[in-house]
Amino acid sequence: MVRTEELRRLSEALLKVLAVAAAYYATGRLGLWQRIVLEGAVVTPLWLPTGVAVTCLLWMGLRIWPGIALGAFLLIESIGPFSLSDLGIVAANTLAPVCAYLLLRKVRFGIAMDRLRDGVALVFLGGLLPILLSATVGTGVLALSGKLAWNAFWPVWAAWWTGDAMGVLVGTPLLIALSRARLPWNTHRWPEATALVVAAAVITPLATRSALALLFLVFPLLTWAALRFQLAGAAPCVLFVSVLGISAATDHVGPFANHTLFEVMVNLQALNGSAALTGLLLAAIVTEQKSVRRKIEQAVSDLTEVVEHLAAPRQEE
């Protein structure tokens, strides 16, 4: 009986590891469709596998880290022949999400992301800070192995860091929002949600592909989504803006036309980073305020019941 229970737990753990590897690999293949060759190195402006890895660690704990390593290995092997130096990249892509998870757990990060402190923690301790590890080690491995010239180290490092960080800032909130989605919503909110979707479908392509430099038009959309629908509205909106921005950048159209590749990457990451920060932090602020209001209303309701209960005997007398 004990052995059967151990086998069941082992099989469940193995299935979780394989599921994480499959999710990492699948999102990585999607990201490679919009890859950019910078100084001979392949980089992506939005590397969602890092966000998937951080989210899976938050959901299932540290034991699923082999799934991240396996997914990274399969991705590298699918691009070209796997070399000994690629082990360093696999290690870097595994250690960065693990460090992000440990830092977030250290500050008691709430997976619901219903506090401003959780949003700030995800930005800095989940995204910007630990990704320095994967960017530095990965780019260093490429340079040491001769696959990248040392004078190209910093442009590739910057692109690697921002792409992985954006994967956390865009991917993790989206997965959390999807996991907490409850349908159907209140029917009176469907017209507004439909209006938001239509507005995003019209304005975002115009903003990212117009030669008139209208990128700022996406921010009222992000504000609308965050204020009215919190993370459930902001996270998909940020992803939509990011994907269309990447598409325009790779096609060199609109505000990304007539620029060098490095300038395109800088403008694109400025857009993606600003969009993610606006949507994520504003949604966290609104959610926290609503939570505080509900607690105050509950406290007032409880106090009212207590007062009515204390006053009842006097009325009877």
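This passage describes the fold, surface and selected residues of one protein chain in a predicted model.

Residues are numbered from 1 along each chain as its sequence is written. Because the model is predicted, local features need pLDDT of at least 70 and side-chain atom pairs count only at pLDDT 80 or more, whereas totals for chains, interfaces and linings use all residues, and side-chain values use heavy atoms, with hydrogens and water left out.

The protein chain contains ten helices and two strands; these are DSSP runs numbered from the N terminus, with helices (H or I) of at least four residues and strands (E) of at least two. Read from the N terminus, the order of elements is α-β-β-α-α-α-α-α-α-α-α-α. Along the principal axes, the C-alpha atoms occupy a box of roughly 95 × 65 × 30 Å.

Of the 317 residues in the protein chain, 44% are buried (buried means under 20% relative accessible area, exposed over 50%, and partly exposed in between, with a 1.4 Å probe and protein chains only). Among contacts (heavy atoms within 4.5 Å) between residues at least 6 apart in sequence, 73% join residues at least 24 apart.

The UniProt record, an unreviewed entry, annotates residues 87–104, 124–144, 156–176 and 270–287 as "transmembrane region". UniProt positions follow the numbering used here, feature names are shortened, and annotations may be inferred rather than shown by experiment. In the model, residues 87–104 are 100% helix and 0% strand, with end C-alpha atoms 26 Å apart. For residues 270–287, the span is likewise 100% helix and 0% strand, and the end C-alpha atoms lie 26 Å apart.

Two residues of helix H1 were examined. Thr27 belongs to helix H1, which covers residues 2–32. Thr27 counts as buried because its relative accessible area is 17%. A polar atom of the Thr27 side chain lies 2.8 Å from the backbone oxygen of Ala23 and a polar atom of that side chain lies 3.1 Å from the backbone oxygen of Tyr24. When residues up to four places away in sequence are not counted, Thr27 touches Leu48, Pro49 and Val52.

Leu7 is also found in helix H1. Leu7 has a relative accessible area of 48%, so Leu7 is classed as partly exposed. Leu7 and Ala159 are separated by 152 residues in sequence and by 44 Å in space, C-alpha to C-alpha.

Methods. A polar contact is a pair of N or O atoms within 3.5 Å; within protein, one must be able to donate a hydrogen and the other to accept it, and residues adjacent in sequence count only if both atoms are side-chain atoms.
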